[in-house]
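Here is a set of questions and answers on one protein chain. Look at the sequence and the structure before reading on.

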Amino acid sequence: MNRISVICFTVLCCLQFNTSAQTTFDLEGQATLLLNYSPENTAPLFLGLRYLPKAKLVAPIDSSRKFDFECSLNITTIAFAYPFDSITGDADTQFYRLWARYTSKQFELRAGLQKIDFGSATILRPLQWFNQVDPRDPLQITNGVYSLLSRYYFLNNTNIWVWGLLGNKKPRGYDFLDSNQWLPEVGTRIQTPIPKGEIALSYHYRNADTRTLNGGLPLYEKLPENRVALDGKWDLGVGLWLEYTYINRQKYFGPFTSMNLLTTGTDYTFAIGNGLNVVGEHLFLTGGHMAFDIDFVNHISALMINYPIGPYDQLSFLLSYGWEENLATAFLNYQHQFKHITSYFMVYYNPSGANALPVSNQTTNFGGPGIRLLLVYNH
């Protein structure tokens, strides 16, 4: 994968020398340096370097239709430092995005490694089916999925999505099960405006692979799974939204055979200083041995506060709490924009061994208290 990703990126870059006058080519990138100290971890010091180069080619067909292509790499180098005695490290290069797209005035068809994201919730997201975005990550880094996605937009802003996935394995969002990598996944979504807001209905089918699990749950190579979801968002002076997902597994899978995930949320910007934005969400999760059984219940609450101190500074705070485990996650982030670099200074506490929030990558899964410095350069 490393050599293939570099070759594909290089080929797309070379196309800039063989394009027509109407075709445009852009080359940009994002470089980040992360330094983390978390004293309760075995390796308390962490240094991470990431570079995301992106090449994009846009080829118009006429005034209303075009093809465009995007290729970006995720180049990472990490190092862990143990107390006074040793340093270990690793480096890797993978595709971050690799897709081609056809668009017209009301239609879009995109194929390849891409990000698929929809839903109304902000922090606790039952509809996070295809990505691993962590709300604590200011850069919103997430792996993509290999998929074919089509979208049609009606003139009244109703839109229909149809997708198919193949070649994806890792769990996503609140999933704890792998997908069977070489069995196709399919789904659809219809979203339509309503008075004061919008509402949507989604469906997804896949086969899960449970053979990597440890414990008393059944091990299946193919575990058929249906997901049905309803989400909506309204502006009624305050923002209100909900996301609901029902998961039904067609073979017995203990208390996880049937699951319900419901998030309700609200936000409001108070006229304090430059505007204090407050977001609150609550996730209600149940599981059962049969449809509509409730064998266990989990409640998770989250609060996010954002305050722009000035044109170059912003302060944000995120708190989540799992009621059954009595586990809290706290994350404070101060952002400052220099001329060419954006800096983030973060102080956090993550409970060891459990987390109410999806973890996107190695930058957010340190247990216990810690501090973090993130420097970002975009070109």
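Q: Between which two strands is the loop that holds threonine 257?
A: Helices (H or I, at least four residues) and strands (E, at least two) are DSSP runs, numbered from the N terminus. This is a predicted model, where local features need pLDDT of at least 70, side-chain atom pairs count only at pLDDT 80 or more, and totals for chains, interfaces and linings use all residues. Residues are numbered from 1 along each chain as its sequence is written, and side-chain values use heavy atoms, with hydrogens and water left out. The loop of threonine 257 runs between strand 12 (239-249) and strand 13 (258-270).

Q: Is threonine 257 buried or exposed?
A: Buried means under 20% relative accessible area, exposed over 50%, and partly exposed in between (1.4 Å probe, protein chains only). Threonine 257 has 7% relative accessibility, so threonine 257 counts as buried.

Q: Which residues does threonine 257 contact, leaving aside neighbours within four places in sequence?
A: Contact means heavy atoms within 4.5 Å. With those neighbours left aside, the partners of threonine 257 are Ile247, Asn248, Arg249, Lys251, Tyr252, Gly288 and His289.

Q: Which side chains make polar contacts with the side chain of arginine 101?
A: A polar contact is a pair of N or O atoms within 3.5 Å; within protein, one must be able to donate a hydrogen and the other to accept it, and residues adjacent in sequence count only if both atoms are side-chain atoms. Arginine 101 sits in strand 4 (residues 87-103) and is buried because its relative accessibility is 16%. Another, of 3.5 Å, goes to glutamate 108.

Q: What is the C-alpha separation of glycine 112 and cysteine 71?
A: Glycine 112 belongs to strand 5 (residues 107-114). Glycine 112 is buried because its relative accessible area is 18%. Along the chain, glycine 112 and cysteine 71 are 41 residues apart. Their C-alpha atoms are separated by 9.8 Å.

Q: Which residues lie nearest the centre of the second largest pocket?
A: On a 1 Å grid over the protein atoms alone, a pocket is an open set of points with protein on both sides within 12 Å along at least five of seven lines, and lining residues have an atom within 4 Å of a point. The second largest pocket is lined by 20 residues. Nearest its centre are Pro135, Asp137, Pro138, Gln140 and Met304.

Q: Which strand gives the largest share of the lining of the second largest pocket?
A: Strand 15 (296-310), strand 16 (313-322) and strand 17 (327-337) each give two or more residues to this lining. The largest share is four residues, and it comes from strand 16.

Q: What is the phi of glutamine 140?
A: Most residues other than glycine have a negative phi. Glutamine 140 lies in the loop between strand 5 and strand 6 (145-153), and at 34% relative accessibility it counts as partly exposed. Its phi is positive, at about 55 degrees.

Q: What share of the residues of the chain count as buried?
A: The chain has one helix and 19 strands. Of its 379 residues, the buried share is 44%.

Methods:
On a 1 Å grid over the protein atoms alone, a cavity is a set of points where a 1.4 Å probe fits but cannot get out, and a pocket is an open set with protein on both sides within 12 Å along at least five of seven lines; lining residues have an atom within 4 Å of a point.
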